[in-house]
Amino acid sequence: MSSTRTQTPRPAPPPPPPKQTGTAGAPPPAKGPDAKQQALATLKKWLSGKENLLATMCGGKEAAARFGQAVLLTAVRSPSLLSCDLKSLFLAALWCAQRGLEPGVADGCAMVPYKGKVTPIPQYQGIIKQAVQHESAKKVRAKLIYANDFYEWEEGENPRFVHKPAPLGTERGNIIGAYAVITLPDGEKVTHVMPLDDIYKIRAASAAWRDGQQGPWKDWEEPMILKTVTKQAFKFIPVAPKVRDLLEQDSKLEAGAPIEDVMDAEILEVTEVADSQGQEGQPQSRAAQMAEELKQKTGAQDVPPPSPPPPPEPPPGDMEAPPPSSETTAAPPEPPSGKAPAPGTDSDAVSGPEAPQAGAETQLAPPAEEDLAAISRKVHLLFDQAVEKQIVGQVMSKFSLQKWEDLVDRPDLVPLVESFIQQSQAPPPPKGRQKSA
């Protein structure tokens, strides 16, 4: 007896869900090659705009061009830098130039991304190079000590240290310490030895290591050990001020201090970059940031850049200006722009070359919005001139300014600042004026 089994056809599998082409329900797009290429283009434009400043800091246009290429090459080799805050990348590059460290090389400075920002971390070879260049040392050697190495270490009146690595081809074991030998300019040698436990105590101060055992101590432990013992050795010899500043600032950076906290105030003022980005991804200049703050403060509309005022029209030939009288004072001429000066102020106090007379006790009334805009434009122009001549700090110190924007509220100082900036140009200052250091 045979039976026939009826086979039920299997249902067809459901069609795959259609691919979503819109943005609804899709994960947020990650920063791709386009975003990094745009950041790289912004970095190139920024370096191009800082050619003169970098030439001053690096010691010439050729050195500045090499430094700029090193910055770009470092960003290309480490694309994660382009995903960080560009302000921190700019400031990190300027800090390297200020300290004479080339970024991205063994005897220079590493650029390390940390919490969305770029932190410059000097290599130990770079610190040694700076010490030799500034004649703090003639030669510096740093070595690791392994468990199977032979060493003798004696302290006292005649300190002595001997290190013999394990024979080639044999296992040296784990790292147990490190030492640095500094040869001073007079030939004397200073040796500093550190056990690994003491080195790890210093490692615990690293912000990246505290936050999850990451950063340079995880990726480059051996160079960081050598760097630690080298830095500690420099504490036992006299060093040049620039080397001392480099060591102190490096320790602050490793401890998590922002780059702004370790840069010189004058360099930071000249090269300050706004947190917000300007058009086409360009960082705003200090002058643009100040104009934006002034605009928000006064509600004034954008004003065009300042242009030289037209020469005053000469009086007709058949008219002769009346002589000044001791009893009556002629009203000041109307400004070229056609706008009346603010009450209680002299029209030359805004943009004229003459400073207010000494001993005047007339209190200035708050300027009108149109005059405030003119003062702001003049202040911005003076700031750009001071930046070009690298005398921003001198101007602020001479005229007791806490911030450059204070000039907007002190129009009486504007012609004095302008005169000071003009006198700071080449040719050399007249006799009796000392050149700034």
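Student: How many residues does the protein have, and what share of them count as buried?

Tutor: Buried means under 20% relative accessible area, exposed means over 50%, and partly exposed lies in between, with a 1.4 Å probe and protein chains only. Of the 437 residues of this protein, 36% count as buried. Please note that this is a predicted model, in which local features need pLDDT of at least 70, side-chain atom pairs count only at pLDDT 80 or more, and totals for chains, interfaces and linings use all residues. Residues are numbered from 1 along each chain as its sequence is written, and side-chain values use heavy atoms, with hydrogens and water left out.

Student: How many helices and strands are there?

Tutor: Both are DSSP runs numbered from the N terminus: helices are H or I with at least four residues, and strands are E with at least two. The protein has 16 helices and 7 strands.

Student: In which order do the 3 strands of the open sheet stand?

Tutor: Strands of a sheet pair through backbone hydrogen bonds, either parallel or antiparallel. Here, two strands count as paired if DSSP finds at least two bridges between them. The order in this open sheet is β3-β6-β7, with antiparallel pairing. Because β3 (139-146) and β7 (189-195) each have a single partner strand, they stand at the edges, and one side of each is left without a neighbour in the sheet.

Student: How many bridges join β6 to β7?

Tutor: Strand β6, residues 175-183, is joined to β7 by 7 bridges. Valine 181, for example, has threonine 191 in β7 as its bridge partner. The hairpin of β6 and β7 has 5 residues between the strands, and glycine 187 takes a positive phi near 100 degrees there.

Student: Where does asparagine 148 lie, and what does it contact beyond its neighbours within four places in sequence?

Tutor: Contact means heavy atoms within 4.5 Å. Asparagine 148 lies in the loop between β3 and β4 (150-154). Its relative accessibility is 45%, so asparagine 148 counts as partly exposed. Leaving aside neighbours within four places in sequence, asparagine 148 is in contact with Ala166, Glu171, Arg172 and Gly173.

Student: Which backbone atom does the side chain of asparagine 148 reach?

Tutor: The side chain of asparagine 148 reaches the backbone oxygen of glutamate 171, at 2.6 Å. The C-alpha atoms of asparagine 148 and isoleucine 176 are separated by 9.5 Å, with the two residues 28 apart along the chain.

Terms used. A polar contact is a pair of N or O atoms within 3.5 Å; within protein, one must be able to donate a hydrogen and the other to accept it, and residues adjacent in sequence count only if both atoms are side-chain atoms.
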